[in-house]
Amino acid sequence: MAASPIGSNPVIVATRVDKVGTRANVARIIRVVVSLAFALVSLIPISWMVVTAFKARSDIVSAPPKIFFTPTLEGFVNLLTNRVQIPQDQAKAKLAQPNLPLFDRIAAERGQAITGPSQYTGRVLNSLIIAGASTVLSTVLGTLAAYAFSRFNVPGKSDLLFFILSTRMLPPVVVTIPIFLMYRDLGLRDTHLGLILLYTVFNLSFSVWLLKGFIDEIPKEYEEAALVDGYTRLQAFGKVVLPQAITGIAATFVFCLIFAWNEYAFALMLTTERARTAPPSIPTMLGSGGIEWSAIAAGSLGFLIPVVIVTFALRDYLLRGVTFGALKK
Amino acid sequence: MANIELQQVEKRFGEAYAVRPLDLHIQDGEFIALLGPSGCGKTTTLRMIAGLETISNGRILLNGQDVTRLRPSERDIAMVFQFFALYPHLSVWENIAFPLKSQGERRDSVDKQVRDVAGLLQIDSLLKLRPGALSSGDQQRVALARALVRRPACFLMDEPLGALDADFRETMRSDIKKLMLDQRATTVYVTHDQIEAMAMADRIVVMSQGVVQQIGTPAQVYHDPATLFVARFIGSPGMNLLTGTRGSDNALNLPGGNSYVPPPVWQGRVNHIEGEAVVIGFRPEAVDIQPDGALTGQIFSVDLHGSYTMLVITLGSETNVVQARVNRDDDYQVGQQVRFDVKPDMVRFFDPKTEKAVS
């Protein structure tokens with residue numbers, strides 16, 4: 001600007017007055033402070049959990065809580081293995097071995113020997129299979145149903161939509177006993193399929209309604225243009241509707257995943273061994289000789305990671321998605 | 001490239017007619033405008049030709065082939081939508097190439113065709129952009145390019161200029177007209193703007209409330225409106241319409257104590273109208289103001305339009321109004337009494353019962 005003194009050249013740069021000055025600065029500072037405070041409140045429990053997972057037993061129960069401590073993998077050993085108590089001299093002999101694996105060493109230091117892997121990994125795997133499959137199912141079915149409800153004159157459309165919504169109206173726990181009996185007779189108890197079906201049904205109402213909102217927002221002229229341009233209805237759906245609904249689909253996917261991943265009551269009721277998921281199994285690690293806090297924290301940490309990865313991977317779509325389309329690009 | 005034939009095509013929603021049975025034969029290379037106020041069924045007719053709307057009854061033939069039951073993709077048509085319907089997630093290049101890709105063409109051939117048509121519409125510098133980054137005029141050009149690129153049998157356009165700024169509309173209007181002439185393309189063009197229809201179309205189909213009022217050249221619908229609706233709707237302002245009753249000696253009693261004798265060629269035909277009432281119609285430019293004119297009225301307002309002046313003349317009461325187009329240099333005062341004649345070759349007569357023109 002200095003090179004073009006006013007008078008010789010037209011002033012072409014306008015400055016927005018509300019973006020400068022002390023008032024704007026104060027507003028920005030307040031925004032930052034509030035965001036930081038919120039982030040802190042949200043992160044404290046998680047960081048507490050992470051820290052606890054790496055603490056030794058004595059550090060966990062000490063009061064006041066220790067902020068500085070020597071990290072140990074004791075919690076993870078407890079989480080991932082089954083162990084037996086061994087006599088002192090055997091433990092010493094084990095520790096004397098030069099090539100003793102890390103986990104065995106940690107166990108031996110506490111006078112224990114590892115007898116085999118625990119069920120934790122299997123259960124996280126069950127969670128992954130069940131939550132993953134039911135999320136994919138409810139998102140795919142929800143997208144197709146939402147598209148049909150949005151675009152076609154489905155007979156009894158409003159009744160059907162209300163019916164779908166009404167499945168959400170009573171707390172699921174109320175129907176645990178009927179579902180338990182049904183599943184027993186159908187042979188779905190303690191099967192992956194049983195929980196996948198159940199979570200899909202729970203999530204479907206949510207995904208249909210949420211996605212219908214997103215698809216309603218896409219003008220139908222786009223598909224009509226594609227139809228005229230030589231595509232079939234299905235191709236138009238794939239090439240024109242899906243790419244534009246992707247934010248909504250991603251948001252729905254994450255919501256469904258979080259529900260299925262966290263579900264506790266039905267998993268507890270309907271599974272025992274084969275299909276048991278992580279949520280009902282983590283509390284059972286309370287242990288016989290006192291509460292194994294570090295193992296629980298480590299288990300919760302491992303349980304947290306997959307959702308974090310998915311949410312992180314889809315974060316670009318989520319900002320618009322979770323505001324239910326209210327935030328335009 | 002193609003002729004289109006609509007035979008008794010109708011569209012009903014339950015008992016309600018959106019389009020009454022309609023016959024229309026569109027010649028190869030013809031530019032047809034469907035003109036009417038909103039809700040008259042013009043867009044529905046267009047969508048039926050496109051195959052986006054099912055047909056309740058009747059047949060549509062494209063080049064003699066019955067396409068009534070064919071999907072839009074099987075009809076070899078291209079459509080330009082009112083709000084362009086450019087795919088927002090695709091670049092301009094991809095948008096234009098979209099119809100070609102449905103036919104599985106090779107990429108280098110697609111690219112050549114896209115660049116050709118983009119050059120024709122002067123949008124070759126925009127090919128990498130997304131539609132959202134374009135002005136509405138450029139979006140319009142991209143929409144046209146997407147329609148042109150496939151060289152379809154006919155073009156359907158649904159108010160393609162409706163979303164443009166007024167000053168840009170005129171340029172686009174002549175551009176589209178020229179483009180369609182160069183392509184020798186059969187075009188069906190929906191609009192509610194009569195100026196657009198008059199300027200562009202070979203023939204105009206005037207519709208109202210699902211009924212075709214008249215099919216004719218712009219000159220025909222202007223000079224010989226088939227119904228009272230067309231007489232009012234075409235032209236700005238529309239035709240002057242005065243209701244008279246039959247008096248003695250072939251004369252018609254008009255409002256304000258005026259008496260009018262139709263030109264001799266009309267007298268016999270006017271007498272065929274059942275009932276006493278007759279509507280006479282004439283354009284503002286048919287009014288001939290002169291001292292010994294047969295009709296008398298009072299000037300209600302003098303409106304300057306630049307190249308001409310429009311007089312609003314009341315006959316008796318303010319509900320009976322004649323608009324007269326006069327020279328801009330002539331001097332008229334509000335409240336002044338004037339006498340005028342109607343040029344005999346420019347007067348038309350209507351039966352108020354049937355609303356149809358006397359022919």
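Why does B:Asp182 count as exposed? The residue has 9 C-beta neighbours inside 10 Å, and therefore B:Asp182 counts as exposed. By definition, a residue is buried if 20 or more other C-beta atoms lie within 10 Å of its own, exposed if 12 or fewer, and partly exposed in between, with C-beta atoms placed from the backbone. B:Asp182 belongs to helix α5 (residues 166-183) of chain B. Helices (H or I, at least four residues) and strands (E, at least two) are DSSP runs, numbered from the N terminus. Along the sequence B:Asp182 and B:Ala219 are 37 residues apart, and their C-alpha atoms are 23 Å apart in space.

This is a predicted model, in which local features need pLDDT of at least 70 and side-chain atom pairs count only at pLDDT 80 or more, while totals for chains, interfaces and linings use all residues. Residues are numbered from 1 along each chain as its sequence is written, and chains are lettered from A and ligands numbered from 1 in the order in which they are written.

## Chains and domains

The secondary structure of chain A consists of 15 helices and two strands. Of the 329 residues in chain A, 31% are buried. Two residues are in contact if their C-beta atoms, placed from the backbone, lie within 7 Å. Among contacts in chain A between residues at least 6 apart in sequence, 76% join residues at least 24 apart.

Domain bounds come from an automatic or database domain assignment. Chain A is divided into domain 1 (17-48), domain 2 (57-117) and domain 3 (121-322); the C-alpha centres of domain 1 and domain 2 of chain A lie 43 Å apart. Chain B is divided into domain 1 (4-232) and domain 2 (241-357).

A nonpolar core is a set of buried Ala, Val, Leu, Ile, Met, Phe, Trp, Tyr and Cys residues joined through C-beta atoms within 7 Å. The largest such core has 141 residues, and those with the most contacts inside it are B:Ala33, B:Met79 and B:Leu156. Helix α11 (residues 233-262) of chain A gives the largest share of this core, 14 residues. A second, separate core of 17 residues includes A:Ala53, A:Ile60, A:Leu79 and A:Ala295. Leaving aside residues up to four places away in sequence, B:Met79 touches A:Ala225, A:Val228, B:Ala50, B:Ala147, B:Leu156 and B:Asp158.

## Strand pairs in chain B

Two strands pair if DSSP finds at least two bridges between them. Strand β1 (residues 4-13) and strand β2 (residues 16-26) of chain B pair in the antiparallel sense over seven bridges, with B:Val9 opposite B:Leu22 in β2(B). These strands form a hairpin with two residues between them, and B:Gly14 in the turn has a positive phi of about 65°.

Strand β11 (residues 240-246) of chain B pairs with strand β14 (residues 277-282) of chain B, antiparallel, over six bridges. B:Gly281 in β14(B) is the bridge partner of B:Leu241. Two bridges also join β11(B) to the antiparallel strand β12 (residues 252-254) of chain B, where B:Asn253 is the bridge partner of B:Thr245.

## Backbone angles

Most residues other than glycine have a negative phi, and most peptide bonds are trans. The table lists exceptions.

| Site | Feature | Angle |
|---|---|---|
| A:Ala63 and A:Pro64 | cis peptide bond | omega about -5° |
| B:Ser236 to B:Pro237 | cis peptide bond | omega near 0° |
| A:Asp190 | positive phi | phi about 55° |
| B:Arg184 | positive phi | phi near 50° |

A:Asp190 lies in the loop between α8 (176-186) and α9 (192-216) of chain A. A:Asp190 is partly exposed because 16 other C-beta atoms lie within 10 Å.
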